[in-house]
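Dear colleague,

Please find below the sequence and the structure that I am handing over to you. My findings follow directly after them.

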Amino acid sequence: MIDLKFLRENPDVVRASQKGRGEDISIVDKVLVSDEARRLAITEFEALRAEQNTLSKAVAGAKGEEKSALLERGKTLATKVKQADNTRAELEAATKELIMQLSNILDPSAPIGKEEDFVVIEHVGTPRVFDFEAKDHIELGKLLGAIDTERGAKVAGSRSYFLTGAGAMLEFALINYAITSAIKAGFIPVIPPVLVNPSAMEGTGFLGQASENVYHLERDDLYLVGTSEVSLAAFHMDEILPVEKLPIRYAGYSSCFRREAGTYGKDTRGIIRVHQFDKVEMFSFCHPDQAQEEHRRLLQWEKQILDAMELPYRVIDVASGDLGSSANRKFDIEAWIPTQKAYREVTSTSNCAEFQARRLNIRYKDESGAKTVATLNGTLVAIPRMIVAILENHQNPDGTVNIPKALQAFLGAQRFELV
RNA sequence: GGAGGAUUCGCAUAGCGGCCGAGUGCGCACGCUUGGAAAGCGUGUAUAGGGCAACCUAUCGAGGGUUCAAAUCCCUCAUCCUCCGCCA
């Protein structure tokens with residue numbers, strides 16, 4: 001949610017942002033009109049309410065005829081107050097509903113355009129040239145006894161899989177490596193709930209345009225999170241954080257659930273796009289003035305993981321039309337996937353500035369009072385895609401796979417062998 | 001799932017339908033005192049909204065109701081605690 005006061009004072013900035021995203025500009029003016037009416041209703045209600053308060057006090061001291069006259073006036077006033085209060089509540093709700101439709105205000109540095117208009121910030125490493133026919137991760141997964149998508153489908157349907165043997169061990173190693181690095185960087189490791197209530201889901205913005213991809217348990221009115229960002233962001237919901245503690249950084253390890261609605265036919269083979277996977281997510285609550293630097297730091301930590309996994313990758317500055325409503329800027333890291341001859345997203349970091357925290361009512365306090373914090377998130381490691389990248393990039397002609405040095409200590413081996 | 005109890009200002013607690021936005025203690029901040037500290041004394045100590053100054057309004061778990069007036073009475077819900085049942 002953007003700041004109503006900011007919008008009132010800078011409607012042009014908001015219009016420009018909406019335009020840059022390819023979203024509805026007219027909402028801005030609707031908000032302005034609604035806000036005007038809202039403020040009028042508030043003033044009216046408050047005047048009536050003040051009158052009622054003084055009258056009520058007068059009743060206490062009055063006697064006899066004077067008292068019954070006051071009571072009579074009080075009665076009519078009470079209905080008026082109630083009416084004014086209802087009008088006020090309606091207009092406040094209407095204004096909020098409108099402003100909630102607005103996306104976060106773009107960072108002016110974010111490239112403007114649609115999904116394909118991203119800007120490549122850098123390339124790291126060079127795609128390996130194979131002197132044999134590279135196998136895809138599905139085949140490698142079978143040869144190593146690491147991934148079983150057939151039984152996954154049998155047991156849980158499409159886009160499901162088992163990680164077995166080397167695959168399971170690889171997950172543990174990746175998680176261990178990621179969490180260990182995160183702790184070194186000052187993150188607090190967290191195992192959050194993956195089943196959350198509507199307020200957490202809504203507060204983080206996943207019930208808006210992303211709601212199609214969220215699993216909802218109707219009977220209990222609970223949601224399965226698509227990322228631990230939800231739980232981590234809501235962790236400090238309705239709290240005021242001391243400014244000297246910022247930034248507060250958490251590294252959440254959790255399963256993530258995604259319906260993948262509207263992706264029929266996309267990445268149907270393998271484990272690039274699945275309904276359930278595990279992920280270590282970085283989440284930072286920081287001072288708004290430091291959000292941009294923090295964003296760079298999150299990106300840095302993401303790059304370090306890719307470097308440690310010895311993978312060639314590129315970093316892209318995601319275009320305005322593909323940011324999602326909460327982010328004002330987003331960097332994706334895309335690893336080279338040899339059998340697809342393409343860079344594919346493996347991690348992503350978003351700066352939500354105060355947008356998400358305003359909804360969740362998370363503030364910090366300094367000398368001048370309480371103000372909204374900024375929130376940022378970034379993937380440290382998303383297991384299936386990282387497994388795909390590692391298997392495909394580090395494979396040998398016989399189907400064995402070399403283990404990146406950083407993981408060898410965790411796995412007690414240098415190679416995944418055939419089963 | 002059943003029975004009971006609780007939910008008040010950072011924490012702990014007080015609170016008769018009007019004098020309660022709310023007392024007290026602790027904590028915290030500032031000042032006095034001191035060679036310095038502790039103790040002691042004094043002052044202050046929520047958030048949001050509207051005018052954007054004085055001021056006004058709202059908020060005592062959430063939502064509804066009764067009343068001229070609700071922290072205080074009634075209803076619904078949520079959370080926590082205790083006991084019982086069930087499962088681990």
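This is a predicted model: local features need pLDDT of at least 70, side-chain atom pairs count only at pLDDT 80 or more; totals for chains, interfaces and linings use all residues.

I begin with Arg 296, which is partly exposed at 41% relative accessibility; buried here means under 20% relative accessible area, exposed over 50%, and partly exposed in between, with a 1.4 Å probe and protein chains only. Arg 296 belongs to helix H10 (residues 291–308), where helices are DSSP runs of H or I with at least four residues, strands are runs of E with at least two, and both are numbered from the N terminus.

Residues are numbered from 1 along each chain as its sequence is written, chains are lettered from A and ligands numbered from 1 in the order in which they are written, and side-chain values use heavy atoms, with hydrogens and water left out.

Overall architecture

Chain A contains 13 helices and 18 strands. Along the principal axes, its C-alpha atoms fill a box of roughly 100 × 45 × 45 Å. Of the 419 residues in chain A, 50% are buried. The domain assignment divides the chain into domain 1 (4–100) and domain 2 (115–416), with bounds that come from an automatic or database domain assignment. The centres of domain 1 and domain 2, taken over C-alpha atoms, are 43 Å apart.

Helices

How do helix H3 and helix H4 pack? Helix H3 (residues 26–61) meets helix H4 (residues 64–100) at an angle of about 160°, and their axes are 8 Å apart. H3 is therefore roughly antiparallel to H4. Angles under 35 degrees count as roughly parallel, over 145 as roughly antiparallel, 65 to 115 as roughly perpendicular and the rest as oblique. The axes are lines fitted to C-alpha atoms, for helices over the stretch in contact, and the angles run from 0 to 180 degrees between N-to-C directions.

Helix H12 (residues 383–393) is mostly covered, with 10 of its 11 residues buried. Among the buried residues of H12 are Ile 383, Pro 384, Met 386 and Glu 392.

Aromatic pairs

There are seven aromatic pairs in the structure. Rings of Phe, Tyr and Trp (its six-membered ring) pair if their centres lie within 6.5 Å; planes under 30 degrees apart count as stacked, over 60 as edge-to-face and the rest as tilted. One of the pairs is formed by Phe 235 and Tyr 250, which are edge-to-face at 5.2 Å centre to centre, with 75° between the planes. This pair links distant parts of the chain, 15 residues apart: Phe 235 is in helix H9 (residues 229–235) and Tyr 250 in strand S9 (residues 248–257). Phe 235 is partly exposed at 48% relative accessible area, whereas Tyr 250 is buried at 7%. Another edge-to-face pair joins Trp 336 and Tyr 343, at 5.1 Å centre to centre and 70° between the planes. Trp 336 is buried at 16% relative accessibility, and Tyr 343 is buried at 17%. Ring pairs also link Phe 235, Tyr 250, Phe 283 and Phe 285 into a cluster.

Backbone and loops

Leu 246 and Pro 247 are joined by a cis peptide bond, with omega about -5°. Pro 247 is placed in the loop between strand S8 (240–242) and S9.

Which phi does Asp 221 have? Asp 221 is not a glycine, yet its phi is positive, at about 50°. Asp 221 is in the loop between strand S6 (215–217) and strand S7 (222–224), and is partly exposed at 36% relative accessibility. Glu 260, also not a glycine, has a positive phi of about 55°. Glu 260 lies in the loop between S9 and strand S10 (276–286) and is buried, at 11% relative accessible area.

With kind regards
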